[in-house]
Amino acid sequence: MFIRAKKRDDKIYLQIVENKREDGKVIQHVKATLGRLDILEKTGQLDSLLRSGLRFSQRLVVLDAHAKGECTETSSKKIGPVLLFEKLWNECGIGAILDIFLSKRRFDFRVERAIFVTVVHRLMCSGSDRAAEKWMQNYDWKQGGGEIVLHQFYRAMAWLGTQLPPDQQVDAHELSPRCVKDDIEEYLFAQRRTLLSGLSVVFLDTTSLYFEGEGGSIGAKGKNKDGRGDANQIVVGVVLDDEGNPLCSEILPGNTTDVKILIPIAQRLKRRFGIERVCIVADRGMISKKTMAQLEQMNWTYILGARMRRVVEVRDDVLCRGGRYTEVFPAREHSGDPAPLEVKEVVVDDRRYIVCRNEEEARKDRHDREAIVNALRDKLRQGDKSLVANKGYRRYLKSGKDGFSIDTDRIRDDERYDGKWVLQTNSDIGAWEAAIQYKQLWTVEEIFRTMKSILDTRPIYHHCTETIRGHVFCSFLALMLRKVLHDKLEKKERKLEWADIINDIDKIEEIEVTHRSKKFIIRTECSGVAGKVFQAAGISLPPVLRQQESRGTTPEPPS
């Protein structure tokens, strides 16, 4: 039953209407006509009628009183992030697995809850554990966690990073011993491995985190990606499977270079997860010739992105070889179609290369270069030599007796690279399959780039190696939850910005109010993209209004 506006001639009348299904159709029956809308509004009769009806609906009475400021507000807590990530936490089985390992220990606080609070903090705003303790006070931790204090967060991190006994260091590497967090990672993988046939492809990426302090026994100065060469750091490597799911994380001393990371991680992958043969997909900059030789000795295959301009063999031999391209994907007819792709195989001695070409990218490269060169010609006419500082311009300039001019040879040389990339592989898979697997790396890298904001818990204030490991592992668990949410949104074809997601779910609060000596809980509006996120995650939000339970009484349901 509802109020309907009905237009007759130039007048609008309000009617009370009821829907009834008759013979398979919904028929509207007019129960009463209230009168002309303009007269009801002018005389105030409409307001009086609606207000008088409020007394028969406790829900509307309380909401109306709250809007007018007639209720006494006693407290408010945010609930959105806790509802969302608690559901994903349980679906991944993280809490249950932590409880299994914790059953062997006796703590005087709920360690699993401390870890969960830390992980949610990473997802929402990141930062130190000290910041997490203050941040959590604004949230309603329905399953517990709000009672955790700072030193308990530190103890929880230390437990995760505790080094295992010597008899459990079988697959340890001198740079990275086995810890409690390694057992948890393996348990998490074993839990979902029933859904997988195994690991055939893995992706590796790294980042660095610096310290405010020494950084325990693993802090060291190295190539810092934040411009903090004065600070000790650690290198964090994250391994993802071919679907972008975080598989494991490794923490190495801060002076470890990327090319030294792959072999120890590959060796541990083989032992930890029972992988007999796997293909490493990575950019060429992460793998040296020595590393490639070691991978082949381990019977591991690789697909590497070659540096076309820097590697002489690729630049002067592979790209100059003749041969026809094989079409993998044709030109796109619809935006959702795969990007066009052609491949050509080239073998130099016993080294196998695959030249890939995307005509769409080739057109874009030509257009971009033409725009730069045309702008450069205009600048040169003005005699503006300051443009040499612009890298985009400088690459097409050459100097002579009369000053700067456009380097036409460089332009012709650049045309050879339009829309192309070159792969080097020791695998025996088809050229098109290798190209597709490497293209998948781009997708995984995009996921990893968006996830790095979670790993970037800079700076780290911990001074003990164990707490540092636990601190970083919580970021790894946060990556897992974010990937699960990403997959759920994709299934619903929801392409949402992460910043919008966390901003909108963070607005959902429950406010405790008192009205006429009764206590009620009011939930705020679900705005922005929050509704789509909760729908994708399969979460039902609490009612807008409910009466607070009192001991020994049964709450009245909202009208």
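Which share of the contacts in the protein with a separation of 6 or more comes from residues 24 or more positions apart? The share is 63%, where a contact means heavy atoms within 4.5 Å.

## Basis of the report

The model is predicted: local features need pLDDT of at least 70, side-chain atom pairs count only at pLDDT 80 or more, and totals for chains, interfaces and linings use all residues. Residues are numbered from 1 along each chain as its sequence is written, and side-chain values use heavy atoms, with hydrogens and water left out.

## Overall make-up

The protein has 19 helices and 18 strands. Helices (H or I, at least four residues) and strands (E, at least two) are DSSP runs, numbered from the N terminus. Of the 559 residues, 47% are buried. Buried means under 20% relative accessible area, exposed over 50%, and partly exposed in between, with a 1.4 Å probe and protein chains only.

The protein exposes about 29,200 Å², and carbon and sulfur atoms supply 47% of that area. Accessible areas come from the Shrake-Rupley method with a 1.4 Å probe; for residues, only the protein chains shown count as cover.

## Aromatic pairs

Rings of Phe, Tyr and Trp (its six-membered ring) pair if their centres lie within 6.5 Å; planes under 30 degrees apart count as stacked, over 60 as edge-to-face and the rest as tilted. The count by this rule is eight aromatic pairs. One of them joins F101 and Y187 edge-to-face, with 5.6 Å between the centres and 80° between the planes. F101 belongs to helix 5 (residues 94-102) and Y187 to helix 9 (residues 180-192), so this pair ties together parts that are 86 residues apart in sequence. F101 is buried, at 13% relative accessible area, while Y187 is partly exposed, at 38%.

F473 and F476 form a stacked pair, 5.7 Å centre to centre and 20° between the planes. Both lie in helix 17 (residues 465-491), three residues apart, about one turn of the helix. An α-helix has 3.6 residues a turn, so residues three or four places apart point the same way. Both F473 and F476 are buried. Elsewhere, W89, F116, W135, Y139 and W141 form one aromatic cluster.

## Charges over rings

A charge sits over a ring if NZ of Lys or CZ of Arg is within 6 Å of the ring centre and within 35 degrees of the ring normal. R8 lies over the face of Y13, 5.5 Å from the ring centre. R309 has its charged end over the ring of Y417, at 4.2 Å from the centre.

## Helix 9

Helix 9 has 13 residues and reaches 19 Å from its first C-alpha to its last, close to the 18 Å expected at 1.5 Å a residue. The expected span is 1.5 Å times one less than the number of residues. Helix 9 is largely enclosed by the rest of the structure, because 10 of its 13 residues are buried.

## Cysteines and strand 17

A search of the whole structure finds zero disulfides, a disulfide being a pair of cysteine sulfur atoms within 2.5 Å. C125 is partly exposed at 44% relative accessibility, and C526 is partly exposed at 26%.

K519 lies in strand 17 (residues 518-523) and is partly exposed, at 42% relative accessibility. K519 and R546 are 27 residues apart in sequence and 8.9 Å apart in space, C-alpha to C-alpha. Leaving out residues up to four places away in sequence, K519 touches E512, V513, T514, Q547 and Q548.
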